[in-house]
Amino acid sequence: MCRHNLRFVEMNRDTRLSDVLHVLLHLGHAEEPVTSEVLARSMGTNPAVFRRTMAGLRRAGHVRSGKGHGGGWQLALPLHQISLLAVYEALDRPNLFAIGNRKDHPDCLIERSVNVALADTMARAEALFVERFGEITLDMLTPGKPEPLSVHCGKAL
């Protein structure tokens, strides 16, 4: 009997969605705008990368930012009006799967069959993912007593 063990190899993962959700939830409890420097530190990145990551969320109308003294990032909508799907889409739909199709021999019937099966399965999985993400709003992710951002970056809001 043949045993198949599914092994998940740890690879470089795109954590932008998780990072941004974390930041948005903290912003949902912030009383004042929070600077890019503070939020970038909480994500373990630099302010320029943070601002590029947040640009799509600003374009989508989920956050706003101000410059200068008293400036920073704020939610533009309440948490209950922002879905996981909206955030995912504002990040330009990062790849869900690292699985790819072979394209070395397009005339090979086996290669075609494998590619069709993989593509169909991935499309179904993505549809389920998108459906579920559309049902979850950020307020549903908020713990009863949220932690202050200072837990992550050593600076109180």
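This is a predicted model: local features need pLDDT of at least 70, side-chain atom pairs count only at pLDDT 80 or more; totals for chains, interfaces and linings use all residues.
Aspartate 107 counts as exposed, because its relative accessibility is 67% and the cut-off for exposed is over 50%. I then checked for a charged partner and found arginine 112, with which aspartate 107 forms a salt bridge. The closest N and O atoms of that pair are 4.0 Å apart. Arginine 112 has 42% relative accessibility, so I put it down as partly exposed.

**Other salt bridges**

How many salt bridges does the count come to? I noted 8 salt bridges.

One of them joins arginine 102 to glutamate 111, with 3.7 Å between the closest N and O atoms. I looked up the accessibility of glutamate 111 and read 9%, so glutamate 111 counts as buried.

Another pairs the side chains of arginine 16 and aspartate 14, at 2.8 Å from N to O. Arginine 16 is partly exposed, with a relative accessible area of 31%. Aspartate 14, at 43% relative accessibility, also counts as partly exposed.

I also found a network of salt bridges, which links Glu89, Arg93 and Glu126.

**Layout of the chain**

I went through the elements next. The chain has 6 helices and 2 strands. From the N terminus on, I read the order as α-α-α-β-β-α-α-α. Of the 157 residues in the chain, 31% are buried. Among contacts with a separation of 6 or more, I noted that 65% are between residues 24 or more positions apart.

**Helices α1 and α3**

Arginine 16 came up again here, as one of the α1 residues in the contact with α3. I took α1 as residues 16-27 and α3 as residues 47-59. Their axes come within 11 Å and cross at roughly 80°. That angle makes α1 roughly perpendicular to α3, because 65 to 115 degrees is the range for that label.

Which residues of α1 and α3 make the contact? On the α1 side I listed Arg16, Val20, Val23 and Leu24. On the α3 side I listed Phe50, Thr53, Met54 and Leu57. Sorted by class, the contact has 6 nonpolar, 1 polar and 1 charged residues.

**Leucine 84**

I looked up leucine 84 in helix α4, which covers residues 84-90. Is leucine 84 buried or exposed? Leucine 84 counts as buried, because its relative accessibility is 5% and the cut-off for buried is under 20%.

Leaving out residues up to four places away in sequence, I found that leucine 84 touches Leu21, Phe133, Ile136, Leu138 and Leu141. I checked the C-alpha distance to one of these, phenylalanine 133, and read 5.0 Å. Leucine 84 and phenylalanine 133 are 49 residues apart along the chain.

**Threonine 137**

Where is threonine 137 placed? I found threonine 137 in the loop between α5 (109-135) and α6 (150-153). Threonine 137 has 17% relative accessibility, so it counts as buried.

The side chain of threonine 137 makes a polar contact with the side chain of aspartate 139, at 2.3 Å. Setting aside neighbours within four places in sequence, I listed Leu79, His80, Ile82 and Ser83 as the contacts of threonine 137.

Notes
Residues are numbered from 1 along each chain as its sequence is written. Side-chain values use heavy atoms; hydrogens and water are left out. Helices (H or I, at least four residues) and strands (E, at least two) are DSSP runs, numbered from the N terminus. Buried means under 20% relative accessible area, exposed over 50%, partly exposed in between (1.4 Å probe, protein chains only). Contact means heavy atoms within 4.5 Å. Axes are lines fitted to C-alpha atoms, for helices over the stretch in contact, and angles run from 0 to 180 degrees between N-to-C directions. Angles under 35 degrees count as roughly parallel, over 145 as roughly antiparallel, 65 to 115 as roughly perpendicular and the rest as oblique. Ala, Val, Leu, Ile, Met, Phe, Trp, Tyr, Cys and Pro count as nonpolar, Asp, Glu, Lys and Arg as charged, and the others, Gly among them, as polar. A polar contact is a pair of N or O atoms within 3.5 Å; within protein, one must be able to donate a hydrogen and the other to accept it, and residues adjacent in sequence count only if both atoms are side-chain atoms.
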